[in-house]
Amino acid sequence: MDAISVIRTKRDRGELSPEQIDWVIDAYTRGEVADYQMAALNMAILLNGMNRTEIARWTAAMIASGERMNFDSLSRPTSDKHSTGGVGDKITLPLAPLVAACGAAVPQLSGRGLGHTGGTLDKLESIPGWRALLSNEEMLHVLDTTGAVICAAGDGLAPADKKLYALRDVTGTVEAIPLIASSIMSKKIAEGTGSLVLDVKVGTGAFMKTIEDARELASTMVALGTDSGVKTVALLTDMSTPLGLTAGNALEVRESVEVLAGGGPADVVELTVALAREMLEAAGIKDADPAKALADGSAMDVWRRMIAAQGGDPDAALPVAREQHVVTAPASGVLTRLDAYDVGIAAWRLGAGRARKEDPVQAGAGVELHAKPGDTVTTGQPLLTLHTDTPEKFDYALKSLEGAFDVAPAGTAFTPNPIVLDR
Ligand code: URA
């Protein structure tokens, strides 16, 4: 077998054979297939697609590239959630302790920011002392003793995806449904969760811009999970506007703690509770009430234990960026649009995300929203506050916000998108 013939098959719109797929994933993981050859194959897949049989085999080959974890020793059923990525999407932070407080074990292997979307690990690392990297034994210990763990996937889990994902990020091949579905599901199946709820984002701030593409991605992932014995459910959720009132690492931790304290923005609470219900149902836990576990402080108790178990101080002050810049409303009326992608790019440019893989992120950087679509605003009132340690980035961030919002005359009717668009 050789890489050139595999690339040619897909370039010429052929179907990759199981042998070709197994060989190319294994040879790439071992370094026998070069990055430039895999990049060419990824681009051929992005342009010409893969059928469900090819996607299933590609996913299985990525799982086989590493180890599989096993949670059979735990006394509780496991349930995990994965979001396809959005702006202000801090849901994992309140959700994992909430579902644990309701009786499931939540092994949440998470990632870092990607492009304009934030990453759970980058957010949690703004808590002084908190560690994302745990050995498998440490991860099981935190999960067993607190009910939830949020950490980085170990090097042994789907190593083919680690290499492929980094390559796709820099070769314009992220937005391919077969590659996204196999990337996410190989990690989740190898992780060994019993059930999985997928939050498939749709809208400007998501990788899937249309409901049709999101539906295709969701059904591909649900089929992969179900065929591997993982009870898998997907929700399609709105990502045309940022979730909540913050986009940025420490800013989002602060908002998540507000939700765990029984407050927080209505959209974040609604989506957290909706996903918690799905996770509990998928895990076979009946009669739990996630809304009550937020209100009575039991989810907050799990959060505090979970953060402390990974070296974090749940009472420590969160980092605040050195400089702020306020963007004001240009007119009075009704805010009818606040674009998620533009806000995500602004947060990224302010330092909340990376320009290169090895760059550090700024814990305090990001965008704070003072109004959401549907709110009445008056000329000159603060709409957004930009936060950064590097004020020379304000101009660059402000450029991405040109045209990011619309203010319509007072009295204009406004119907918000529902948060959950489909199941
Ligand atoms: N998240 C992943 O883990 N992989 C992708 O390809 C996209 C989002």
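Which residue just after α11 takes a positive phi? In this predicted model, that residue is Gly 262, with a phi of about 95 degrees.

Not much of α11 is left uncovered: ten of the twelve residues are buried. Among them are the nonpolar Ala 250, Leu 251, Val 253, Val 257, Val 259 and Leu 260, but Asn 249, Glu 252, Glu 255 and Ser 256 are buried as well.

One partner of α11 is helix α5, residues 92–101. The two axes come within 8 Å and cross at roughly 35 degrees, and the crossing is right-handed. On the α5 side the contact is made by Leu 93, Pro 94 and Pro 97, and on the α11 side by Val 253, Ser 256, Val 259 and Leu 260. Sorted by class, that comes to six nonpolar residues, one polar and no charged.

Now for the core. The largest nonpolar core holds 135 residues, and Val 99, Val 200 and Met 221 have the most contacts inside it. Helix α15 (residues 340–352) supplies the largest share of this core, with nine residues. As for Val 200, its contacts beyond four places in sequence are Thr 84, Met 208, Ala 214, Leu 217, Ala 218, Ala 234, Leu 235 and Leu 236.

Conventions:
Residues numbered from 1 in each chain as written. Predicted model: local features only at pLDDT ≥ 70, side-chain atom pairs only at ≥ 80, totals over all residues. Buried ≥ 20, exposed ≤ 12 C-beta atoms within 10 Å, placed from the backbone. Helix = DSSP H or I, 4+ residues; strand = E, 2+ residues; numbered from the N terminus. Core = buried A, V, L, I, M, F, W, Y, C linked by C-beta atoms within 7 Å. Contact = placed C-beta atoms within 7 Å. Axes fitted to C-alpha atoms, helices over the stretch in contact; angles between N-to-C directions. Left-handed = near helix turned anticlockwise from the far one by under 90°.
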